[in-house]
Amino acid sequence: MTCSEFKELTSALALDALDPDDRTMARAHLAESITHEGCPEALARAEAVARLLSGALIDTHLPERVWRRIETRLFDRASRRRWATAGWAVAAAACVTAVILAGRGTRLRSERDAARAQASAAQVRAGSSDDLARQCAAQLESARKTSGLAREAIALLQQPGSRVVPFAPQGGFGGAALAVVSPDRRRAILLSAALSPAPARDYQLWVIPPGRGAAPVPAGLVEAAEGVALGDFQAGALARGALALAVSAEPKGGSPTGSPTQVVLVAALGG
Amino acid sequence: MVVQLLWILLAAVAGAGVEEVIARIARGERGALRSAYNSFAGRAMAIALRILGSTEEAEEVVQDTFVEIWRRAAEYRPERGTPGAWIAAMARSRAIDRLRERTRAENTLRTLAAEPPRDPEPPPSEAAARRQERTRVRTALAVLPDEQRRTVELAYFGGLTQSEIARATGQALGTVKTRIRLGMEKLAEALLEAPP
């Protein structure tokens with residue numbers, strides 16, 4: 001197929017009106033590593049027109065049941081799936097979901113109760129991590145009241161495939177922390193009751209990228225909200241991927257050297 | 001409490017542009033999804049209803065579309081179109097998929113037999129920009145020769161390929177191709193080059 005032939009087809013391609021063989025040939029031509037004579041631009045122009053055509057219609061009113069079904073498909077199922085995994089992470093998720101459900105009134109009360117029952121069962125199974133779950137639950141509940149970032153952590157935790165990872169103390173540090181990590185690892189939010197900044201000290205977030213000997217990437221500072229410390233790992237720092245997350249104790253304002261001064265917490269993300 | 005929760009979520013997205021709402025959906029914010037639903041579900045429903053001619057199926061398409069938006073919001077690229085256009089394209093694609101699950105013969109007959117549905121009354125809350133957009137697109141379509149407009153509409157709203165349109169209308173395939181190409185070029189001139 002030549003570029004001229006392709007450009008004859010762009011309108012139909014944009015309307016998805018090409019027959020399968022023609023569509024395959026057209027797409028193959030577009031993917032060819034040749035000097036195209038305006039092929040991508042011609043297709044983009046036709047696609048722009050096609051996108052505008054729906055603007056001719058008048059919006060149609062939808063009954064509220066459609067939104068409720070969307071909610072059910074997206075969120076109820078996600079909650080049920082989350083309860084099915086064992087351990088303290090489940091308990092934390094149950095706690096957060098219960099926070100949301102608590103605001104939903106009578107309609108969802110039975111579901112909330114069921115969630116709590118499942119959370120309790122998970123906590124029993126979790127054994128030694130029971131305390132950690134309770135700590136997490138308490139932290140999230142406290143943070144929910146005041147912090148937009150906490151709300152984002154809650155939303156992130158409800159996202160299917162998200163997970164909670166614990167930080168391990170380093171060098172005798174006495175505190176603990178958790179991070180809620182999105183499925184694609186492009187978002188991570190730290191929660192802790194042990195990392196409140198002091199007048200002469202900040203806690204700094206770090207991302208350890210994949211690759212042997214890769215240097216830690218600074219990812220922002222921990223902030224406190226009513227006794228709960230939260231940290232939003234910067235998206236740029238997570239862009240290259242993350243093998244582990246870390247927190248360091250630093251002079252006010254963050255590391256003066258660009259490297260962690262004293263690492264106090266590390267969480268391995270694995271694979 | 002529900003209202004309070006809703007207000008919290010709405011406040012979180014207040015002042016944010018529509019593109020920011022999509023970014024917030026990508027970060028897992030339910031309130032942002034509701035905000036996008038409030039803005040664009042009516043358009044998605046109109047498209048699906050026009051294509052499928054069934055309220056029940058169209059509602060299912062809207063559900064599928066917003067479930068997909070929740071899962072694929074991170075893939076949205078502003079440089080490729082507005083969020084409204086992205087969502088509309090997704091709704092159309094879902095509706096066409098559903099249409100093509102029917103037998104081809106049934107699909108073609110239904111499409112040809114269908115009268116363009118009567119317009120509902122625009123919602124009272126409709127934004128002026130939305131009204132202007134509709135007027136502009138309708139004006140551009142109205143100035144096309146009838147056969148070109150009908151052919152483009154059979155492709156866009158009917159989900160028919162060029163060959164199917166040729167068979168269904170009794171026109172030569174080459175004629176159908178020419179009508180689509182000329183019609184789309186005229187629309188591009190009217191919609192992309194002329195000042196709004």
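**Exercise 1.** How are α1(A) and α2(A) oriented to each other?

*Solution.* This is a predicted model, in which local features need pLDDT of at least 70, side-chain atom pairs count only at pLDDT 80 or more, and totals for chains, interfaces and linings use all residues. Residues are numbered from 1 along each chain as its sequence is written, chains are lettered from A and ligands numbered from 1 in the order written, and side-chain values use heavy atoms, without hydrogens and water.

Step 1. Find the helices: DSSP runs of H or I with at least four residues, numbered from the N terminus. Helix α1 of chain A covers residues 3-14, and helix α2 of chain A covers residues 20-31.

Step 2. Take the axes, which are lines fitted to C-alpha atoms over the stretch in contact, with angles from 0 to 180 degrees between N-to-C directions. The two axes come within 10 Å and cross at roughly 120 degrees.

Step 3. Classify the angle. Under 35 degrees is roughly parallel, over 145 roughly antiparallel, 65 to 115 roughly perpendicular, and the rest oblique. α1(A) and α2(A) are therefore oblique to each other.

Step 4. List the contact (heavy atoms within 4.5 Å). α1(A) supplies A:C3, A:F6, A:L9 and A:L13, while α2(A) supplies A:R23, A:A26, A:R27, A:H29 and A:L30.

**Exercise 2.** Describe how α4(B) and α5(B) cross.

*Solution.* Step 1. Helix α4 of chain B (residues 55-72) and helix α5 of chain B (residues 83-101) have axes that come within 9 Å and cross at roughly 130 degrees. That makes α4(B) oblique to α5(B).

Step 2. Name the residues. Among those of α4(B) in the contact are B:V61, B:F66 and B:I69; α5(B) brings residues including B:W86, B:I87 and B:M90.

**Exercise 3.** Size up the interface of chain A and chain B.

*Solution.* Step 1. Count residues in contact: 48 from chain A and 67 from chain B.

Step 2. Take the buried area, the accessible area (1.4 Å probe) lost on putting two parts together, summed over both. Chain A and chain B bury about 5600 Å², with 60% of it on carbon and sulfur atoms. On the chain A side, A:L57, A:I58 and A:D59 lose the most area to chain B, together 12% of what that side buries.

Step 3. Look for salt bridges (a side-chain nitrogen of Lys or Arg within 4 Å of a carboxyl oxygen of Asp or Glu). The interface holds five. A:E8 pairs with B:R181, their closest N and O atoms 3.2 Å apart. A:E64 and B:R34 form a salt bridge at 2.7 Å, N to O. This pair runs from helix α4 of chain A (residues 64-83) to helix α3 of chain B (residues 30-52).

How values were computed. Helices (H or I, at least four residues) and strands (E, at least two) are DSSP runs, numbered from the N terminus.
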